[in-house]
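Open the model in a viewer and keep the selection tool ready. The stops below are meant to be taken in order.

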Amino acid sequence: MQPNPKIYRAKLGDKDVIIETGKLAGQAGGAVTIRQGDSQIFSAATLGGVREGLDFFPLTIDYEERMYAGGRIPGSFFRREGRPRGEAILTARMTDRPLRPLFPDGMRNEVQVILMSLSADTENPLDILCINAASASLIISDIPWNGPIGAVRIGYINEELVVNPTFSELEESKLDLIVAGTKEAITMVECGADEVSEQVMVEALDLAHKSIQPIIEIQEQMAREIGKEKQEVERVLTDEALIDQIHSNIRDRLLEILKKPYSKENLYGGIRDLKNAVIDEMTAEDAEDLSEIELKNLKKTIGRAYDEAEKVIVRERILSDRVRPDGRNPDQVREVWCEVNTSPRAHGSGLFTRGETQVLTLATLGTPREAQELDNLIPTETKRYMHHYNFPPYCTGETGRLYASRREIGHGMLAERALRPVLPDEKEFPYTMRLVSEVMSSNGSSSMASACGSTLALMDTGVPIKRPVSGVAMGMIKEGDNYVILTDILGMEDHLGDLDFKVTGTTEGITALQMDIKIGGITTEIMSEALEEARKARFHILEVMLATIEKPRADIKDHAPRIETIQVPVDKIGAVIGKGGETIRNLQEETGTRIDIEDDGTIFIAATDGEGYKAARERIERLTEEVEVGRIYTGKVVRTTDFGAFIEILPGQDGLVHISQLDTSHVNKVTDVVKEGDEVTVMVTNIDNQGRIRLSRQALLEGWTVEEAQAQDSGGKKSSGGGRGRGRGRR
């Protein structure tokens, strides 16, 4: 029987959003499609069982970017979608972050939300629709979840904040701010900005929270009218009495560890040893009476209770004494030191160290041809600036597998977004740039260290960035009305805190922002305070960076490719490329250069030595040179006839010297004066409206002006005319 779908409508800014359910994927826990304009996303949320031995909540958010949604066939060898690309992974991560904290504590059932693009109109972005679709599919499903949430994008165009801008509007915007939140508070922020002030950012966040209310209200209506009854799931919760018992047991011992002179081994090693000691103490009496599995489960329970007790003690100390686990004050940045030119052969490198977090960023310059081609559903087709982030296991003193996880891809894109606003225009600096941040050591805030390392590497490379960028990760501990904002957080503070807030920017404003809130919400006043503390920290870090390298190097390094540009007429591009690309291939091989040609006639010549560039430029100029009347050329005879000789004066361009213009005296036979292959110097006397070129050798021998040569060249015009450009005059 044909289904009878339910349709709901809401406003996101001034645009209609249509949510439909009941037609597709009837066996999923909850399924919806959401549409704005001709962009449409499908979302299905499903609850699974509990895997034995799992001690975490297994939530999976997958975004499947289908090329058919944009009427395209994938560009891979197999012509089908493969692994998700960067933008798709970022969308999945952005969807996960506001959803995850709203699942019940201790839940261990597998939950999977699959998002899929059904239609993409290249005007209405899909990422916002994904977050809203995931929320809607969860809220009407049988999955326990404390939503709904709403998401919106905010732009800043002509000094005005714009709600839910399209792709074309974003091209003019100084702000690309994505905000997700509940009815009460903001829970997730992802932002790229062109040096926007802290005040504008706070206003944009406030507007965003107001703008998501209609999409939240419509989901609440859906839950009331068609929502399924939520399933009862088993939750793994630690006994509060056990937590209190361990709290009393470890408090004094833990405080002693926290008072020791800070080092990672003293802090983390001491806490690890204390935890193991407490577990051994509390299981000693029962060890002989329990089976191996029962003893293992008991140790897990005590371990979880220890973690909760430790969290409470560390948070209490920060709130009451304003002292952090490593002994710093709340607004204190760890010691920073920097270095550039760490790698002698990379085109640029920057080493940034802050406390025990260290990142080495290395830069490579390439030609425009090496820009990344994007095969996705956004209007951008290529990317000339790429930032990749690697987090190997040794950076935390561990062993493990080397692979690019979603986290690494997300951190790389955050640092990429942070630097993009200060990059020079392609006309000014015609290079493709790839930066790779290798995390050498990590104890919190490695993504912000990679943004700082990228600034150092770009300046060491000689990239003329507008202004240097620095970044810092902020945190917060909050109980009731009492709160402490933490600057430059450690890994422990990230884990036990209520806020993870990363900010990058220049002296002129913010370039990127990423925030996740783990509690009910924070006020605008707290947000303003956190941004101000971040600004102070960024400026302090920037001072240290600029003491290492004050400004971009005046020139790129000797072993980096030098790219120069020349402009040729569009109709001359074919002359440079040649038949089947033969001319440009030979040109590159013979001069040792790489040559890229744009459709507008811009030619990029990349060479590691000046001689190669000079030779390539001269040959391109000769290939594309326009013949001028009155100019003198030395060319090669390419063909002779009874009435004259055709001479190639420029590559692919020949003209006719009439027999009467070959010499100072009468010529009986053309081959008495010139033969094929001879080099002859001639003057251009005329170019007719069909592009045929007339030449004179006699004019040079007699010392005539071009006007005198034109007056003398009369009888020849009655013959078969001159040659044509691009060789069309050849017979």
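**Ground rules**

This is a predicted model, in which local features need pLDDT of at least 70 and side-chain atom pairs count only at pLDDT 80 or more, while totals for chains, interfaces and linings use all residues. Residues are numbered from 1 along each chain as its sequence is written, and side-chain values use heavy atoms, with hydrogens and water left out.

**Helix pairs**

Two packed helices are described by the angle between their axes and the distance between the axes. Helices here are DSSP runs of H or I with at least four residues, strands are runs of E with at least two, and both are numbered from the N terminus. Axes are lines fitted to C-alpha atoms, for helices over the stretch in contact, and angles run from 0 to 180 degrees between N-to-C directions.

Select residues 86-99, helix α1, together with α9. Their axes are 9 Å apart, and the helices pack at an angle of about 105°. α1 and α9 are therefore roughly perpendicular (angles of 65 to 115 degrees; under 35 is roughly parallel, over 145 roughly antiparallel, and the rest oblique). On the α1 side the contact (heavy atoms within 4.5 Å) uses G86, E87, I89, L90, A92 and R93. From α9 come R406, R407, I409, G410, H411, M413 and R417. By class, this α1–α9 contact has 5 nonpolar, 3 polar and 5 charged residues. Nonpolar covers Ala, Val, Leu, Ile, Met, Phe, Trp, Tyr, Cys and Pro; charged covers Asp, Glu, Lys and Arg; the others, Gly among them, are polar.

The contact of α9 with α10 divides into 7 nonpolar, 6 polar and 1 charged.

Next select α6 (residues 240-259) and α7 (residues 264-283), whose axes come within 11 Å and cross at roughly 145°. Among the α6 residues that meet α7 are L242, I246, I250 and L254; among their α7 counterparts are L267, I271, L274 and V278. This contact of α6 with α7 has 11 nonpolar, 4 polar and 2 charged residues.

**Backbone details**

Most residues other than glycine have a negative phi, and most peptide bonds are trans. Select G147 and P148: a cis peptide bond joins them, with omega about 10°. P148 is in the loop between α2 (126-139) and β7 (150-157). Then go to A25, in the loop between β2 (15-21) and β3 (30-36). Phi of A25 is positive, near 55°.

**Cavities**

A cavity is a set of points on a 1 Å grid, over the protein atoms alone, where a 1.4 Å probe fits but cannot get out; lining residues have an atom within 4 Å of a point. Points are joined across faces, edges and corners, and a volume is the space filled by probe spheres set on them.

How many cavities of 30 Å³ or more are there? The count is 2. For the largest cavity, select Y63, E64, E65, E81, G82, R83, P84 and R85. The largest cavity holds about 80 Å³, and its lining has 2 nonpolar, 1 polar and 5 charged residues.

For the second largest cavity, select Q36, N124, P125, I128, L129, R153 and N164. The volume of the second largest cavity is about 40 Å³, and its lining divides into 3 nonpolar, 3 polar and 1 charged.

Key
1 Å grid on protein atoms, 1.4 Å probe; cavity = no way out; pocket = protein on both sides within 12 Å on 5 of 7 lines; lining within 4 Å.
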